[in-house]
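Subject: Structure handover

Hello,

Here is the structure you asked for. My notes follow below it.

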Amino acid sequence: MQIHENYPLKNLNTFGIAANARYYVDITSIEELQELIDSDIFKNSERLILGGGSNMLFMGDVQKLVIDITIPGKKILQETEEFVEIEVGAGENWHDFVTFCVEHDFRGVENLALIPGTVGAAPIQNIGAYGCELKETVECVNGIEISTNTFKKFCNLDCDFGYRTSYFKKELKNDFIITSVIFKLFKTKQPNSSYKDISQELERLGITNPTTQDIFDAVVSVRTRKLPDPKVTGNAGSFFKNPYIPKAQYELLKADFPEIPGYPIDDSQIKVPAAWLIEQCGWKGKRFGDAGVHPNQALVIVNYGNATGRELVDLSKKIQASVKEKFGIELEPEVWVI
Ligand code: EPU
């Protein structure tokens, strides 16, 4: 285990922000992690855990100990005719794991193809796309509780998963480091092709009875068309969460904006697509220097090259202010600003 000083993070965050970490350490096993937690540098530093850097925006150099969790490994724990239980190291790349599952026809994560980041970061915000969420396939989340430096296991219901949130993002935020995730994947489950973009793509290809591979291919092609590839254009996916608003407020807005989309969450709340609100405020495709709003998806803020974290945050604040002014809705960032 080697601690580096003033370590460049540009290739370790999908926004591609050129920032340095005061200290940086790469952790490849539970033993290394426990050794680190016992060390003086750990006890005396503020810390930041990296999990692919796909949901973070650095405002400048990070005056912390940056801990990059790269613990590898995939292990089948149990396999029956109906399901398979797999433990996956927190440092494994999420999309590589999805690809592995699709190749073996282990079903349940194919709708989550191409989401940037690591397996260990995925439960923290309960990643979701195209009608599926991570919580549908997680059996347990394993990791180290920092305060006691002991191993802890959280089963699905204890993870308190919600829309882009979990127990790990709330109460446990600074006291738990995920080391592996155990998934329960299915061998006979019907694929979920209900999301409009996916059903349209399958229809276009003339597929009526899609396989796991068909869903995966459809997701990859929709995402490739609509979302920028972080390896080419810096971004962190959706910058904001889709807001939930009271039904009464939605009805009032509908009177002024008859086209406003909305999806009922329960009897009293409606989810409104943030991308629609942002597009209506005229931001889609706008560019200011190297900071911009993606031309194909208004919810994605992009770094065209050398934008600073501050420029991107300033743009996000302007977007928030204009949506608030036009619709009276507060947009909450999904990205962590550091
Ligand atoms: N829309 C617009 N303008 C746009 C894009 C979308 O008006 O530029 C409207 C349309 O009405 C569209 C609706 O927004 O029907 C929803 O758009 P989309 O299907 O692209 O999904 P989203 O709500 O913008 C969410 C997730 C994405 C996920 C997609 C697909 C959040 C914050 N984002 O986006 O997740 O890929 O659904 O399931 O929930 C991420 O979290 O980083 C992410 C990319």
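A salt bridge here is a side-chain nitrogen of Lys or Arg within 4 Å of a carboxyl oxygen of Asp or Glu. The model is predicted: local features need pLDDT of at least 70, side-chain atom pairs count only at pLDDT 80 or more, and totals for chains, interfaces and linings use all residues. Numbering starts from 1 along each chain as its sequence is written, and side-chain values use heavy atoms, with hydrogens and water left out.

Salt bridges

The count comes to 16 salt bridges. One of them pairs Glu79 with Lys187, with 2.7 Å between the closest N and O atoms. Glu79 sits in strand 6 (residues 74-79) and Lys187 in the loop between strand 12 (176-186) and helix 4 (196-204), so this pair ties together parts that are 108 residues apart in sequence. Helices (H or I, at least four residues) and strands (E, at least two) are DSSP runs, numbered from the N terminus. Glu79 is partly exposed at 45% relative accessible area. Lys187 is also partly exposed, at 23%. For these classes, buried means under 20% relative accessible area, exposed over 50%, and partly exposed in between (1.4 Å probe, protein chains only).

Glu201 bridges to Arg225, the closest N and O atoms being 3.2 Å apart. Glu201 is in helix 4 and Arg225 in helix 5 (residues 212-226), so the pair links parts 24 residues apart in sequence. Glu201 is buried, at 3% relative accessible area. Arg225 is partly exposed, at 45%.

Lys324 and Glu330 form another salt bridge, at 3.4 Å between the closest N and O atoms. Lys324 is partly exposed at 38%, and Glu330 is exposed at 57%. Shared partners join Glu201, Arg204 and Arg225 into one salt-bridge network.

Asn296

Arg225 turns up again here. Its backbone oxygen lies 3.1 Å from a polar atom of the Asn296 side chain. That is a polar contact (a pair of N or O atoms within 3.5 Å; within protein, one must be able to donate a hydrogen and the other to accept it, and residues adjacent in sequence count only if both atoms are side-chain atoms). Asn296 lies in the loop between strand 18 (291-293) and strand 19 (300-303). Asn296 is partly exposed, at 40% relative accessible area. Leaving aside neighbours within four places in sequence, Asn296 is in contact (heavy atoms within 4.5 Å) with Arg225, Lys226 and Lys284.

A ligand oxygen is 2.8 Å from an N or O atom in the side chain of Arg164. For Gln297, the side-chain N or O atom is 2.8 Å from an oxygen of the ligand. The protein covers 83% of the 820 Å² of accessible area that the ligand has on its own (Shrake-Rupley method, 1.4 Å probe; for residues, only the protein chains shown count as cover).

Lys271

Lys271 is in strand 16 (residues 269-271). Lys271 is buried yet has no salt bridge. The nearest side chain of opposite charge, Glu133, is 6.6 Å away (Lys and Arg count as positive, Asp and Glu as negative; His and the chain ends are not counted).

Best wishes
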